[in-house]
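Hi everyone, thanks for coming.

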Amino acid sequence: MSVLAHVPTGSGQSAPLPAARSGRYRLLPYLLLLPGAAWLFLFFAVPLFQLAAASLYDPSGSLSTGYALTWAFGNYPEALQAYWPQFTRSFLYAGIALVLALLMGYPLAYAIAQKAGRWKNLLLVCVIAPMFTSFLVRTLAWKTILSDNGALVGLLRDVHLLGADGRLLATPVAVVLGLTYNFLPFLVLPLYASLERLDHRLLEAASDLYASPVRAFRKVTLPLSMPGLVAGTLLFFIPASGDYINAELLGTPNEYMIGNVIDSAFLVRLDYPQGAALSFLLMAAILAVVFVYLRRAGTDEVL
Amino acid sequence: MTRISRWLADRWVMGVALLVLGYLFLPIAVVAGLSFNRPSSRLSYDFNEFTLDNWRQPCATSDMCEAVVRSVQIGFIATVAATVLGTLMAFALVRHRFRGRSGVNVLIFLPMATPELVMGTSLLALFVSGGVQLGFWTIVIAHVMFCVSFVVVTVKARLAGMDRRLEEAAMDLYANEWQTFRRITLPLVLPGIVAAALLAFSLSFDDFIITNFNSGTTVTFPMYVWGAAQRGIPPQVNVIGTAMFVIALLLVLASSLPGRRAKRPS
């Protein structure tokens, strides 16, 4: 099933699918589907083709003079060459943020699923609750926390982890921290759903058979939480690598990710062919990463 | 020995979990704190002086409140449309067997796996090539698009977990199909539909990336914050942020109460 099918759903038996009982039911599912599917087709699928076409426009055109579709495949290598650093930076930052998020998110999901007892639901709400505030307002709050005059920077300077004029804001650290923070709940929720189903007796059995806690974790807990881990990783990595809000608000142009470039290509420089080519490259790169990752992780059920 | 180490392992995991929760809530606390701040200058993000002015006059900068109202309008329209479209699709997918099912599933899954950036730019490419004027309605179209999939997934989960025998019992007791739907099916699915609608509204209200590409000169609340971040943020932004947090929290707590009651008798 889909990645998001791992979001907690509550138990209960799955309803059997009744075969179409009579002729008048045969059209019903299509009627139910038609409006939604048409909407998704018109405003999700068709635009992707439009974007593909735009990425092959003659790059010498402009919004005012109009674009001609000249199958200019050269747009792709050109865009890639011009913005290679931002591209690699996107995946580097998203990757580091993912590792940090795993280090924080796994214990959190595990504790809620296995250790929280009757506090489980409350803690789960606590994981989602930060997302109730606007994404941008939350990110701006990090500007206050990491501020040069703030307590955190002061503390780090006092213990000499930062130089006397060292700073956190407007550095890669701030951007990675922001990415980690903003997408952490997307990682925790599917992980929680997997870990919640983990039968505690399996761990007891492992320890009865003289497995150390570390070994029991590696051989029992980790493999059984794999579906949630894979789903959570993807739900974290896909938006994180395409994000540009954190880089814009917490970083400087030196920390710009590919999203910043695409944003300015479409909205500032009005270079549609280049922006479209970069968008497509981003999607292709993400799909490639996802595909390789799923093959490695060996869980077919995720897609 | 194992008992001691297990005791330690238990506390260790819970300790880390609480620290991580602290990390998640730190910015919320800062937002709430800054909503009582009188900043020293327009571009300062540091706490300066306690004041209640921001809460007394949340609309002191009137364009911010206009943006909030516009976001609520867009969120409301997009939520109603996406909830209706998505619920119909969920019923078709759970209750019927038909050709083209896997194709529809892919069409629903893909928008959730596609980076927002790609959806935003591709819609922009479509609107521009079609000569559509960007504004309020293009934002609504975009929001309905990315909300539908989440509605389908949420309602589907509720429908799939439903006990079909309740409907069969109603039919055995001579309820016709409409009565069964109205009296049995709908009340049982309703919590799922409400949850889906709340999710859709919060996705719509908070969306920045897709909106940014398709808004033209129309300003939603996230667009306003984005613009203001360059010129200096009015402290009232934090009032809105705090109020959103409190309202959403109350809604979630309220909507979880009847759900718990419905689950109990079994």
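Let me begin with a definition: domain bounds here come from an automatic or database domain assignment. For chain B, that assignment gives domain 1 (1-61 + 235-266) and domain 2 (63-233). This is a predicted model, where local features need pLDDT of at least 70, side-chain atom pairs count only at pLDDT 80 or more, and totals for chains, interfaces and linings use all residues. Residues are numbered from 1 along each chain as its sequence is written, with chains lettered from A and ligands numbered from 1 in the order in which they are written.

Back to chain B: the C-alpha centres of its domains 1 and 2 lie 26 Å apart. Between them, 13 residues of domain 1 are in contact with 14 of domain 2, contact being C-beta atoms, placed from the backbone, within 7 Å. The domain 1 side has eight nonpolar, four polar and one charged residues. Nonpolar is Ala, Val, Leu, Ile, Met, Phe, Trp, Tyr, Cys and Pro; charged is Asp, Glu, Lys and Arg; the others, Gly among them, are polar.

Now the chain interface. Here 80 residues of chain A are in contact with 81 residues of chain B. On the chain A side, α2(A) gives the most, with 20 residues; helices are DSSP runs (H or I, at least four residues), numbered from the N terminus. That side of chain A divides into 57 nonpolar, 20 polar and three charged residues.

Finally, a helix pair: I258(A), V261(A), I262(A), A265(A) and F266(A) in α13(A) meet residues of α14(A) including Y272(A), L278(A) and L282(A). Thanks, everyone!

Terms used:
Contact = placed C-beta atoms within 7 Å. Helix = DSSP H or I, 4+ residues; strand = E, 2+ residues; numbered from the N terminus.
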